Amino acid sequence: MDEWIEELRRIIPEKRVLTDLADRHSYSFDASFGEHLPDVVVQPKTKQETADVLKLANRYRIPVHPRGSGTCLSGGPLPVHGGIVLDMSQYPAEIHLRPRDLTVDVTPSVLTANINKAAEEHGLMYAPDPSSAHVATIGGNLAENSGGPRGLKYGVTKDHVLGLEVVTPEGEIIRTGGRTIKNVTGIDLTKLIVGSEGILGVIVGATLKLMPKPPAVQTLMVTFDEVRKAGEAISQTLTSGILPSKMEFMDQACVTAVEKFQPAGLPVDAAAVIIIELDGHPETLKVEKRLIEEIMEDMGALDVIIPKTNEEAAKLWHARKQVSPAIAKIKPTKVSEDATVPRSKIPDFMDRLQIIKEKYDVEVVAFGHAGDGNLHPNVLCDKRDVEEMKRVEKAVEEMFEAALELGGTLSGEHGIGTMKAPFMELELGEVGLDMMKRIKESWDPNGILNPGKVFPEKGQKLVLHHE
C-alpha cells in the first residue's frame, strides 16, 4: 500500500477511504465519455477533512479530482491522471435560509432542486433550474456554472452566488464574497471560482441569492412547419420587449421520440415546437400572451396552443424534460453538446446543423434553451461502430466551428472538462488560453487539482471511438 494512502487512512475514517477495485470503478466515469480509474476515493464530511486531504495531496503531488453526483456531460470529474477522487456528495447536506435577506447558505452536497423546494416554503425561489437539478449537487452546479430553461430571464448559476467557502489546492480554507447583494471589495474571486470546474479550489459552502416567486405563470406551445421559421420567431419575440422565463425548442425528431417514449400529445407532424413560459403579475401575463400569439401568427406558426389547466401545462414541461431519455432510446450512444450562438443566429445555426448531418451521415437531433441561443445538438450513434464514431467526431468538431463562426461559444452550460478542451484555443486564442493557464498556475503551483481538464494537452483531440 502506498505511503500516502496509509496516511490518508489516518486523517479520514477508513470506511470513507475506498480502495477496492469495484469502488474505484464506480467513480471512473461520469455522464460523458471515457473511463479513468482513480487510485483511491475519499469521502470528506467536513471542510477541515477536505483541507487535510488537499494538504496531503499537495505534499505528495497526488492529483485530486473533486466530484459531485457525476452527472457532468463534459468529463469534469473524471480522474484522468489517477490519484484521488474527492467525493463531495457524501458531505452533510445543509440548507440554512434567511428569507428576510433573500439568501440561503448551502453545503456542496445539497441537491439543487431541494434548494428551490426549501425556498418555496417561504414564497421564494432559487432561479437556476438545470434539467438534472433533482440529482445534481449544488457543488457540481457551482463548479460547472450550470444553466437551465430559466436562464433566459434569470441567468445562470454565477448570477445567483454571493459568496463561497473554498479549500485551496494547498489546503487553506478561504471565504470569498459575502452575504450582501453589493460587494466590490477587491477582485471578485467568487466569480473566478464559479465555473472553474474544480481546477482552482474545492467548494465546501456557498451563499446564494433567492428571489420572490412570481405570482403567476402562463405556458404556450407553438408549432411550425419549418425549423428556420421557429428560429426567426424566437428572435422576433425576444426583440419585442417581452422576456419569457423559458423558451424551449424541440425539432421533429425530439417530438417523435418523446411521443414514443412517454406520449404527451405533442404534434409529431410539426417540424419544430417552441414551448414558452411567461411569469409575473396575472394581468401582465394576459397582455404578453396576446402579443406572443400575434407575433407567432405573423411569423407563420401552424398553431398556438394554450393549456387550459395547470396540469396540462405541467404535462408539456414534463414532456420537454423527457427529451434526453427519449432520444437515448433511438440509438445506444448519445453525444450531448451545448454550443451556444447569439439569438439572431439561431436560424443560421439550425441550417449549419442540417448541413453537418448530411455531410457526415449522422443522426442529429436538436433541442434546448433556444431563448438564450443555448441549443443542445445531440448526435445519436453506436459507440461499438468505430467507423461511425469517427464520423461523429468530425461532425462534433464542425458544430463547434460553426458556433464560433457565428459569434457563439463552445459551451453554454455543460462546461469544458475533457470533451471540449481540444477546442479551447479556437475560441480564446493562444494568448487568452495562456492567461487562463497563468491563473491556474498561481492558484495551484503543483498542478494537483483536477488536472487534465479545461486546458488541452499537447496534440489532444476529441476521441469518441476505441479501435
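The report that follows takes the sheet, then the helices on it, and then a pair of helices.

This is a predicted model, in which local features need pLDDT of at least 70, side-chain atom pairs count only at pLDDT 80 or more, and totals for chains, interfaces and linings use all residues. Residues are numbered from 1 along each chain as its sequence is written, and side-chain values use heavy atoms, with hydrogens and water left out.

Helices (H or I, at least four residues) and strands (E, at least two) are DSSP runs numbered from the N terminus, and two strands pair if DSSP finds at least two bridges between them. Seven strands form an open sheet with antiparallel pairing, in the order S15-S12-S14-S13-S17-S18-S16. Strands S15 (303–305) and S16 (333–336) each have a single partner strand, so one side of each is left without a neighbour in the sheet. Strand S12 (residues 216–224) is joined to strand S14 (residues 272–280) by nine bridges, and Leu220 stands opposite Ile276 in S14.

| Helix | Strands touched | Angle |
|---|---|---|
| H9 (residues 252–261) | S13, S14, S17 | about 85 degrees with S13 |
| H13 (residues 346–360) | S13, S17, S18 | about 10 degrees with S18 |

H13 also packs with helix H14 (residues 386–405) at an angle of about 160 degrees, with their axes 10 Å apart. The two helices, H13 and H14, are therefore roughly antiparallel to each other, a term for angles over 145 degrees.

Technical notes: Contact means heavy atoms within 4.5 Å. Axes are lines fitted to C-alpha atoms, for helices over the stretch in contact, and angles run from 0 to 180 degrees between N-to-C directions. Angles under 35 degrees count as roughly parallel, over 145 as roughly antiparallel, 65 to 115 as roughly perpendicular and the rest as oblique.
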